[in-house]
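Please keep the sequence and the 3D view at hand while reading.

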Amino acid sequence: SLYTANLGPWDLHLAAKEYILNHFDEVSKTRPFLELSNDQLVSIISSQKILVSSEYSIFKAVISWVSHDMCNRGEHLSKILDFIYFHLMTADEIDLCLGCPIIKKNPSLFNQVHK
């Protein structure tokens, strides 16, 4: 498992989380990332220790995660978006977020990104 919250020694759990935080751009493109629980995802993206190339990479990872199981995860998207610092994105990145089909077709999500 990518994230060992329910398994093994606590130090292994911490090491796995630290690896994910330090290599988020890379790890977020893997299949095991898509299997994270909602709580695990939020724990990672809300961490002040997360190292990313840009906030947009967190947005893309969140959209991939939600899209992987839209029926069960779509309802969490609004709360998850609260952990993304849209004000740190460039205007072009914001435009890409607003153009995302999941965001574009939902006025409340659109407004949440656009604010």
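## A buried ring and its partner

Phe59 has a relative accessible area of 2% and is therefore buried (under 20% relative accessible area; exposed is over 50% and partly exposed in between, with a 1.4 Å probe and protein chains only). The model is predicted: local features need pLDDT of at least 70 and side-chain atom pairs pLDDT 80 or more, while totals for chains, interfaces and linings use all residues. Residues are numbered from 1 along each chain as its sequence is written, and side-chain values use heavy atoms, without hydrogens or water.

## Aromatic pairs

A pair of aromatic rings is described by the distance of the centres and the angle of the planes. Rings of Phe, Tyr and Trp (its six-membered ring) pair if their centres lie within 6.5 Å; planes under 30 degrees apart are stacked, over 60 edge-to-face, and the rest tilted. The whole structure holds 3 aromatic pairs. One of them joins Phe24 and Phe33 edge-to-face, at 5.7 Å centre to centre with 85° between the planes; both residues are buried.

Phe59 and Phe86 form another edge-to-face pair, 6.1 Å centre to centre and with 70° between the planes. This pair links distant parts of the chain, since Phe59 lies in helix α5 and Phe86 in the loop between α7 (77-81) and α8 (91-99), 27 residues apart. Phe86 also counts as buried because its relative accessibility is 11%. Ring pairs link Tyr56, Phe59 and Phe86 into a cluster.

## Helix α5

Helices are DSSP runs (H or I, at least four residues), numbered from the N terminus. The 14 residues of helix α5 (residues 55-68) should span 20 Å at 1.5 Å a residue, and the end C-alpha atoms are 20 Å apart, which agrees; the expected span is 1.5 Å times one less than the number of residues.

Of the 14 residues in α5, 10 are buried, so the helix is mostly covered. Among them are Tyr56, Phe59, Ile63 and Trp65.

Gln40 belongs to helix α4 (residues 38-45) and counts as buried at 14% relative accessibility. Its side chain reaches the backbone nitrogen of Ser37 at 2.8 Å.

Leu14, Lys17, Glu18, Leu21, Asn22, Ser47 and Lys49 line the largest pocket.

Definitions and conventions:
Helix = DSSP H or I, 4+ residues; strand = E, 2+ residues; numbered from the N terminus. Polar contact = N/O pair within 3.5 Å; in protein donor to acceptor, adjacent residues only side chain to side chain. 1 Å grid on protein atoms, 1.4 Å probe; cavity = no way out; pocket = protein on both sides within 12 Å on 5 of 7 lines; lining within 4 Å.
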